[in-house]
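My notebook is open, and I am going to look through this model one piece at a time. Come along and check each entry against the picture.

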Amino acid sequence: MTELADLAQRYAVATEFVDWRGQSIPVPEHTLIAVLAALGVAAGTAEEREQAAHAHDREYWGRVLPPTVVTRSGSTSAFRVHVTHGEPVGLWIRLADGSVRTGLRQLENNRPPYDLDGRLIVEATFELPADLPPGYHRLHAQTGGQDTDTTLIVAPAKLAPPPQRQWGLATQLYSVTSEQSWGTGDLTDLTDLAVWSATRHGAGFVLVNPLHAAAPVAPMEPSPYLPTSRRFVNPLYLRVEAITEYAQLRKRGPLRKARTELAVRARRRDGIDRDAAWKVKRAALQQVYRVPRSAGRELAYTAFCDREGRSLDDFATWCALAEVHGPDWRSWPAALTHPDNPEVAAFAAANRVAVDFHRWLQWLLDDQLTAAQATALQAGMDLGIMHDLAVGVDPGGADAWALQDVLARGVSAGAPPDEYNQLGQNWSQPPWRPDQLERTGYAPFRALVNAVLRHAGGVRIDHIIGLFRLWWIPQGAAPTEGTYVRYDHDALIGIVALEAYRTGAVVVGEDLGTVEPWVRDYLSDRGVYGTSILWFERTDDGAPLPAERWREAALSAVTTHDLPPTAGYLAGEHIRLRESLGLLTRPVAEEIADDRTEQQAWLTELRRLGLIGADPDIDETVRGLHAYLGRTPSKLLALALPDAVGDIRTQNQPGTTDEYPNWRVPLSGPDGRRLTLEEVFADPRANALAEVMKAQVPTMDT
């Protein structure tokens, strides 16, 4: 297996890893072969491995410049240049502003030359200066009478922290409906939630679930973490009445009646029915689409389409195709399975109105997202909306179709077994190919991060560890039969930092689970915040981690959407649910005993600090736990909206799909009755807990 291990190392594929128990686990040969195949490398035989290693060498030495060069402002770095032995090389940088930098200093490089088809190639090393401005630039080389250029990414060394501690609400927007909603929460509801929490309780941000697009056909995927596209937004979140052209409709009565009837049916249901909501809302949007736009609005729409370019065209075309052929492009006629095929262009031309409708929806979303962020800031928030970036996309969806050349086939991203998911996880999502990202100058990733930060004061990146290494699972294999593939984290984190630097945004990485220790230090050094969940913050012996030892550069909360709200957690809902679904790996009595021990340890800690009394009820305990967050040095504190209203049901149970109504649970009170946003604003429990959070942050005149 020596040759296979060597080949895996060349492509950053791990041949062994350390599991959550600290044990070193070797990766089976069949896993390595399958993962390499997903990277376009045949490695099933000794001959194939030898040929692949030779091809890898030829590609490396045959490039004058690397596919992408990444550095940080404020420090020097080196890059390689390959030239024919004896030939001079000229180097210069064309900066994003059009200016040119020359005079790059050569460094020592004693690597032996490489024989490329009888031509000796030497490797020279040059230094990038420390004073390059952050941005996307071009690095040029001239040798042998030919010019070569490549992407040069200069990232800020470290993001600036928020000016002071902030607290914010965390919400699953689809679950939060108002009296004016169309069956699910929308961007107007998000705006109102921001205004209430900011003006009444001094909140600095609202953290919202991923608003990424789902396929526009039934059944609509409920999970916001399995979108059809991360680049675009789900039009289910549009508020129809907030569209400028809505006012020009001659007959608005039928639309108001349809919305009212939808809202009544939604209140009678126990779950979120996206399909019913989208059916009614889509019909209303089609009526608004037919209203002529003013000259100014037409100019704005044209400018939006020009700015978004090919990505928007591909997405809109995919949506129109999905409405005809279904939401999984892998089952479409062969001629339609790649966006570059002439048959796709012919379809778009023949269905011009259908394609344009989906472009138009994204323009409306851009408008309403802009308004939501502006209103949040005007209400007094320092950050405003903090969006959530999912880790991947549906393998049959729009991004997987449009970006199939930079996504790996034959594998899925997931997670190895850990303490909370001992069977591992398969997320059914195609991972980025690190080699293809580098070849494209990371253009698809850059566009993605730019889009999610366009209307945001911050971004939470789900499973940010996936920007360092990601667990790849071969098709048909169990989650336990995967391995890690490494990414150029300097490039990916650098791009995130650069895009956040441009907009002044805060970046929060969800760094829970199995994490190499150095990764959290690296993220902190780059100004990227981590995530701390109270129930997971423990010392080595399992005791509650004292507040003063929590991280400062973190967003800290009591719970997360993968656990029940705190009232439910205290009641052992997480154990009851996993036991009923057959997800426990040890006897339920042991789980309950350990859980009670853990909770008692936290209650003891809260009593020691005077945050609860001797015999607290649920509400007092929940308030005490959130007050405990204020004793930590964490700069960002979050209150889950279900905690604020006393909800007990979890939004998502990892390890399940249809066994539990994941991502379909409406916001409810302790009695299970569905709450409207208007009721939340008047709820004594919600207002009291928001005041607890407000007390943990400095006032404006402090």
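Which residues does UniProt list for "domain: MalQ N-terminal beta-sandwich"? I looked it up, and the unreviewed UniProt entry gives residues 65-156. UniProt positions follow the numbering used here, feature names are shortened, and annotations may be inferred rather than shown by experiment.

**Ground rules.** I am working with a predicted model, where local features need pLDDT of at least 70, side-chain atom pairs count only at pLDDT 80 or more, and totals for chains, interfaces and linings use all residues. Residues are numbered from 1 along each chain as its sequence is written, and side-chain values use heavy atoms, with hydrogens and water left out.

**Entry 1: the listed span and the domains.** I found that residues 65-156 are 60% strand and 0% helix, with their end C-alpha atoms 23 Å apart. Here helices (H or I, at least four residues) and strands (E, at least two) are DSSP runs, numbered from the N terminus. Next I noted the domain assignment: domain 1 (1-61), domain 2 (65-155) and domain 3 (174-399 + 442-459 + 553-695). Such bounds come from an automatic or database domain assignment. Taken over C-alpha atoms, the centres of domain 2 and domain 3 are 44 Å apart.

**Entry 2: helix 1 and helix 2.** I followed helix 1 (residues 2-10) to helix 2 (residues 29-38): their axes come within 11 Å and cross at roughly 40 degrees. Axes are lines fitted to C-alpha atoms, for helices over the stretch in contact, and angles run from 0 to 180 degrees between N-to-C directions. That angle makes helix 1 oblique to helix 2. For the words: under 35 degrees is roughly parallel, over 145 roughly antiparallel, 65 to 115 roughly perpendicular, and the rest oblique. Leu4, Leu7 and Ala8 of helix 1 meet Glu29, Leu32, Ile33 and Leu36 of helix 2, where contact means heavy atoms within 4.5 Å.

**Entry 3: helix 7 and its partners.** At what angle do helix 7 and helix 8 pack? I noted about 85 degrees for helix 7 and helix 8 (residues 342-350), with the axes 10 Å apart. Helix 7 is therefore roughly perpendicular to helix 8. Thr317, Ala320, Leu321 and Val324 of helix 7 touch Val344, Phe347 and Ala348 of helix 8. Then I turned to helix 9 (residues 352-378), whose axis comes within 7 Å of that of helix 7 (residues 295-325), crossing at roughly 125 degrees. Helix 7 and helix 9 are therefore oblique to each other.

**Entry 4: two backbone spots.** Where does proline 219 lie? I found proline 219 in the loop between strand 14 (212-213) and strand 15 (229-233). The peptide bond to proline 219 from alanine 218 is cis, with omega near -5 degrees. My last stop was tyrosine 442, in the loop between helix 11 (434-439) and helix 12 (443-453). Tyrosine 442 is not a glycine, yet has a positive phi of about 60 degrees.
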